[in-house]
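Subject: Structure handover

Hello,

Here is the structure for you to look at. My notes come after it.

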Amino acid sequence: MGADHGGLMRLPEEPPTFLRLFTPQFDVTSVLPGLALLALVVYLLGVRALHRRGMPWPWHRTAAFVLGIVTVWLVTATQVMGYAMLLFSIHMLQKMVLTVLSAMLLMLGAPVSLAIRALPRRGLGAVCRRLLLRTLRSRSARFLAHPVVTTIIFVGSLYGLYFTPFFDLLMRTWAGSLLMVFFFLGTGLLAFGGAFALGPWPHRASPPTRIVELVLPGPLHAFFAVALMLASAPIVTSFTNPPPEWGVDVMTDQLAAGNLIWGFGEVPSIIAFTIVYVQWVRSEGRRTPAADRRAEADLEAYNAYLARLADRGRR
């Protein structure tokens with residue numbers, strides 16, 4: 001594989017089993033699980049701050065965020081991280097969990113909305129709150145959060161990484177691998193943040209646009225998965241030399257990677273689609289009575305106007 005880890009990243013020596021995959025692993029690449037732990041602590045402190053003020057926070061939001069952090073730990077604080085450097089199937093498992101499952105659960109926790117509500121209006125908290133709002137309203141944030149841009153990044157990175165030499169270049173070092181892990185999670189957060197539109201977001205698209213944003217990547221992921229499964233040769237060179245004593249067939253491993261992309265491209269997308277559709281129906285349900293009340297008020301005002309004109313005519 002020609003990878004240079006400088007002895008800083010732990011690579012497994014035995015073939016993967018379920019227990020070995022999820023055995024804790026801490027090395028130089030444990031930056032993301034550490035940041036995930038910090039994010040969880042900050043989130044829970046925010047929930048506690050709201051409760052102390054007598055402001056409710058939905059329990060299912062907290063549950064979703066906690067589960068999202070757990071999924072991040074499962075693929076970055078375990079030997080999945082090491083096996084992902086050696087086997088394409090494990091690498092793709094890690095990528096799809098971070099990009100789809102972890103990102104979807106984290107954004108269902110509405111962390112941005114919690115931060116806006118929980119940060120105090122005075123002192124350092126007020127500074128952080130203003131900085132967060134300014135970032136959300138910035139041109140760069142609106143550009144990155146635009147549905148067209150998020151879709152291009154979400155899907156295009158799949159083709160741009162694996163069908164070019166860029167992937168093998170990154171896989172040569174532990175730093176490149178760590179950079180990809182952050183990138184995978186970041187693209188997912190951008191995509192699902194805009195799709196769910198929970199609380200303040202730089203670019204709020206209409207529900208139909210958000211549904212298209214969720215549906216469109218599905219066929220493109222499926223096409224990539226099929227291309228991977230039907231390939232007659234490895235599409236990347238980083239996984240062409242697994243440890244010989246493991247008895248891993250490279251093409252069978254690539255086939256498993258394609259199946260993982262197929263599965264993660266279907267089920268979570270259906271769940272996310274259902275969530276956005278329910279949001280749409282509920283918003284329409286709230287909007288209709290309000291529109292009816294406004295129409296009734298306008299009609300009453302118009303009738304009163306006609307009555308005043310009639311009174312003037314009689315005089």
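Below is what turned up, from the overall fold down to single residues.

First, the ground rules. This is a predicted model, where local features need pLDDT of at least 70, side-chain atom pairs count only at pLDDT 80 or more, and totals for chains, interfaces and linings use all residues. Residues are numbered from 1 along each chain as its sequence is written, and side-chain values use heavy atoms, with hydrogens and water left out.

Overall fold. The protein chain has 14 helices and zero strands. (Helices are DSSP runs of H or I, at least four residues; strands are runs of E, at least two; numbering starts at the N terminus.) Of its 315 residues, 43% are buried. (Buried is under 20% relative accessible area, exposed over 50%, partly exposed in between, with a 1.4 Å probe and protein chains only.) Take the contacts between residues at least 6 apart in sequence: 77% of them join residues at least 24 apart. (A contact is heavy atoms within 4.5 Å.) The chain exposes about 16600 Å², with 67% supplied by carbon and sulfur atoms. (Areas are Shrake-Rupley with a 1.4 Å probe; for residues, only the protein chains shown count as cover.)

Aromatics. There are 13 aromatic pairs. (Rings of Phe, Tyr and Trp, the last by its six-membered ring, pair if their centres lie within 6.5 Å; planes under 30 degrees apart are stacked, over 60 edge-to-face, the rest tilted.) Phe154 and Phe192 are edge-to-face, because their ring centres are 6.4 Å apart and their planes stand at 80°. The pair links distant parts of the chain, 38 residues apart: Phe154 is in helix 9 (residues 147-162) and Phe192 in helix 11 (residues 174-196). Both Phe154 and Phe192 are buried. Ring pairs also join Phe88, Tyr159, Tyr162, Phe163, Phe167, Phe224 and Phe239 into a cluster. Separately, the charged end of Lys95 sits over the ring of Phe184, 5.0 Å from its centre. (That requires NZ of Lys or CZ of Arg within 6 Å of the ring centre and within 35 degrees of the ring normal.)

A buried Phe. Phe65 is in helix 3 (residues 59-76). Its relative accessibility is 6%, so Phe65 counts as buried. Leaving out residues up to four places away in sequence, Phe65 touches Ala39, Leu40, Tyr43, Leu105, Leu106, Gly109 and Pro111. Phe65 and Ala110 are 45 residues apart in sequence, but 8.0 Å apart in space, C-alpha to C-alpha.

Best wishes
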